[in-house]
Amino acid sequence: FSLHNSCSNKMCQVILTKPLRQAVLRAILRNPEPIFCLLLQELQLSQESVVQRITSHGNGSDHMIFKSKQEVSGSPLWAVDTDTQTVTHINPKTGKTERYVFHTDHIRYYLHHIEDMRPDLLQAIVDKGEIYKHLDELDTKVTDAVNRQTELLMQSSREFQVAKEIGAVNLVGSIGNMLRMQAQRAVNEAMIYLWKDEE
């Protein structure tokens with residue numbers, strides 16, 4: 001049994017060409033449009049828009065290191081590298097440099113966005129010595145929000161629930177990944193991209 005529906009996306013073809021029980025096909029393919037193909041195309045456009053946001057104010061390689069005005073032995077007390085998502089802090093008691101690296105995509109998007117749109121605000125956060133706390137709290141809040149939104153989307157997705165009920169593990173994983181990407185996009189719009197381009 002094979003369904004291609006003129007979709008050129010390889011991931012989508014894998015989903016649609018696998019032999020599935022008739023119950024799943026009736027539930028998922030009830031609409032004439034290739035649901036998964038459209039969703040994947042939409043998510044690809046979303047990812048492209050993220051890249052455009054990051055590079056819209058430059059060539060994408062001119063990211064800066066924001067340094068606090070306060071120094072210790074000629075070095076900034078606090079600093080953040082927006083390219084590597086690294087916060088550095090000189091411990092006043094020991095004089096040693098401490099480094100904290102954030103690995104999540106949403107912190108990378110946020111740093112590039114605030115750097116482009118509100119560099120004055122980012123500099124103020126660094127000067128106050130609050131940059132690590134600020135990013136750490138944002139990281140936690142965004143991660144929690146994405147998890148909650150993903151769970152809500154899974155609960156309301158008829159396709160996900162049907163696949164889960166019949167034990168279609170691969171399909172559950174594929175739909176779950178797409179729903180999480182949807183959740184990430186929604187949360188990023190609400191919590192990451194706080195400043196829009198001025199017309």
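Two strands count as paired if DSSP finds at least two bridges between them. Helices (H or I, at least four residues) and strands (E, at least two) are DSSP runs, numbered from the N terminus. The model described here is predicted: local features need pLDDT of at least 70, side-chain atom pairs count only at pLDDT 80 or more, and totals for chains, interfaces and linings use all residues. Residues are numbered from 1 along each chain as its sequence is written, and side-chain values use heavy atoms, with hydrogens and water left out.

## Strands

Strands S4 and S5 run antiparallel and are joined by four bridges. Within this pair, Ala79 has Thr88 of S5 as its bridge partner. The hairpin that S4 and S5 form has four residues between the strands, and Gln85 takes a positive phi near 55° there. S4 also runs antiparallel to strand S1 (residues 65-67), with three bridges joining the two. Here the partner of Ile65 is Asp81 in S4.

In a regular strand the side chains alternate between the two faces of the sheet. In S4 both faces are covered: Trp78 and Val80 lie on one side, Ala79 and Asp81 on the other, and all four are buried. Buried means under 20% relative accessible area, exposed means over 50%, and partly exposed is in between (1.4 Å probe, protein chains only).

## Nonpolar core

A nonpolar core is a set of buried Ala, Val, Leu, Ile, Met, Phe, Trp, Tyr and Cys residues joined through side-chain atoms within 4.5 Å. The largest one in this model has 35 residues, and those with the most contacts inside it are Val80, Val87, Tyr110, Leu122, Ile131, Leu135 and Ile192. Two or more residues of this core come from each of strands S4 (78-81) and S5 (86-90), and from each of helices H4 (105-117), H5 (119-127), H6 (131-156), H7 (158-165) and H8 (169-191). H6 gives the most, with eight residues.

Leu122 shows how separate parts of the chain meet. Leaving out residues up to four places away in sequence, Leu122 touches Phe66, Val80, Thr82, Leu111, Ile114, Glu115 and Ile131. Contact means heavy atoms within 4.5 Å.

## The loop between H6 and H7

Ser157 lies in the loop between H6 and H7. Ser157 is buried, with a relative accessible area of 9%. Its side chain reaches the backbone nitrogen of Phe160 at 3.1 Å. This is a polar contact, a pair of N or O atoms within 3.5 Å; within protein, one must be able to donate a hydrogen and the other to accept it, and residues adjacent in sequence count only if both atoms are side-chain atoms. Ser157 also touches Ile175 and Leu179, not counting residues up to four places away in sequence.

## Salt bridges

A salt bridge is a side-chain nitrogen of Lys or Arg within 4 Å of a carboxyl oxygen of Asp or Glu. The structure holds three of them.

| Arg108 | Asp105 | 3.3 Å |

Arg108 and Asp105 are three residues apart in helix H4, so about one helical turn separates them. Arg108 is partly exposed at 26% relative accessible area, and Asp105 is partly exposed at 42%. Asp120 is partly exposed, with a value of 49%, and Arg118 is partly exposed, with 29%. Glu159 is buried at 15%, whereas Arg158 is partly exposed at 33%.
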